[in-house]
Amino acid sequence: MHDIWNPWHGCVRASEGCDNCYMFFNDERRGLDGSKISRTGNFDYPIQRTRDGSFRVRPGELIRVCMTSDFLVPEADPWRDEAWDIIRERPDVRFFILTKRPERFACCLPADWGDGWDNVMLNVTCENQRRADERVPILLATPAKHRGIMCAPFIGPVSVEQAAPGCLGPHGIEQVICGGENYGGARPCDFDWVRALHRECVAANVTFAFTETGSVFIKDGRTYHLRGKRLQSQQAWKSNMGHQGRPIAWHLTDRLGLEIPEADLYRPVFHEQCEQCGGRLICNGCGSCASCWMRSV
């Protein structure tokens, strides 16, 4: 899965969205304690090289950071500066950073962050309106070149406009992702919530990705139980809720600060199974993206 970088593993639950976290679920199945936070052996993944000397992660790729933790978890404070050093070393790669702890941005951003780095998107989880009202204003107050919202697990209605009126757009929130919940005790995702959030994003021409229904899905008052993340992703695609909004203006350069020609940037490769995938709008390529990985666990 070349779009996932887990410099550390393990987490501490921060809000109701964490109740049925897939990381804790899968660690428990393996007899592990997901609350123990440790640095991984793949810490330097974005700067690893192949035998021919080229980077394993190619220029233009999208890397999702800390998919089995939280980039701002306090227990990782001793390692975070080194992680920022690695991100700084790859200005040609897009980094997607997601947190439920945006209040820690103020103390966790690197000293040379300025008004943000061109290749980094800061994202917050908004599992319901309470957390959107709490986290979106903090995200908007944090200097960043790119910002996004992830409503996953989607366990309650969310209005981004209510959380921060007028924030959807190129100088605010550039991307919104939502998806239902899975694993033990999964709470329902209501299609009406998806429709409402979709309308807000379409009105602002902001990319909206409905990646999966979750295992308990309510549509027009009926409850459906969908087993398997591939089926959930297909149903999300069939809902026609995906919206490709205004292109995000990533400015990717080499280590000398020279812009990389478009022809030299990585282009995602998609296969037949991708045609009906709810995550395609935000995908890094077939079989190696976070969406494909999450459907397998």
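Predicted model: local features only at pLDDT ≥ 70, side-chain atom pairs only at ≥ 80, totals over all residues.
View 1. Residues are numbered from 1 along each chain as its sequence is written, and side-chain values use heavy atoms, with hydrogens and water left out. The cysteine sulfur closest to that of Cys18 belongs to Cys11 and lies 6.4 Å away, which is too far for a bond. Cys107, by contrast, is exposed, with a relative accessible area of 55%, and its sulfur is 3.8 Å from the closest cysteine sulfur, that of Cys108, again too far for a bond. With a disulfide taken as a pair of cysteine sulfur atoms within 2.5 Å, the count comes to zero.

**View 2. Strand β6 and its enclosed side chains.** Strand β6 covers residues 120-125, and because six of its six residues are buried, it is largely enclosed by the rest of the structure (helices, H or I with at least four residues, and strands, E with at least two, are DSSP runs numbered from the N terminus). In a regular strand the side chains alternate between the two faces of the sheet. Val120, Leu122 and Val124 point one way from β6, whereas Met121, Asn123 and Thr125 point the other way, and all of them are buried.

**View 3. The parallel neighbours of β6.** Strand β5 (residues 94-99) runs parallel to β6 and is joined to it by five bridges (two strands pair if DSSP finds at least two bridges between them). Within this pairing, Phe96 has Met121 of β6 as its bridge partner. Strand β7 (residues 146-151) also pairs with β6 in the parallel sense, over five bridges, and here Ile149 of β7 is the bridge partner of Val124.

View 4. Most residues other than glycine have a negative phi, and most peptide bonds are trans. In the loop between β7 and α5 (160-163) lies Pro153, which is joined to Ala152 by a cis peptide bond with omega of about 0 degrees. Cys66, although not a glycine, has a positive phi of about 60 degrees; Cys66 is placed in the loop between β4 (62-65) and α2 (77-89), and at 5% relative accessibility it counts as buried. Asn205, likewise not a glycine, has a positive phi of about 55 degrees and sits in the loop between α6 (191-204) and β10 (207-212), where at 31% relative accessibility it counts as partly exposed.

**View 5. The surrounding protein as context for the close-ups.** The protein contains eight helices and twelve strands. Its radius of gyration is 18 Å, close to the 19 Å that the globule rule gives for 297 residues, so the protein is as compact as a globular protein of that length (the radius is taken over C-alpha atoms, and the rule is 2.2 Å times the number of residues to the power 0.38). Of the 297 residues, 58% count as buried.

Conventions
Buried < 20%, exposed > 50% of the residue type's maximum accessible area, 1.4 Å probe, protein only.
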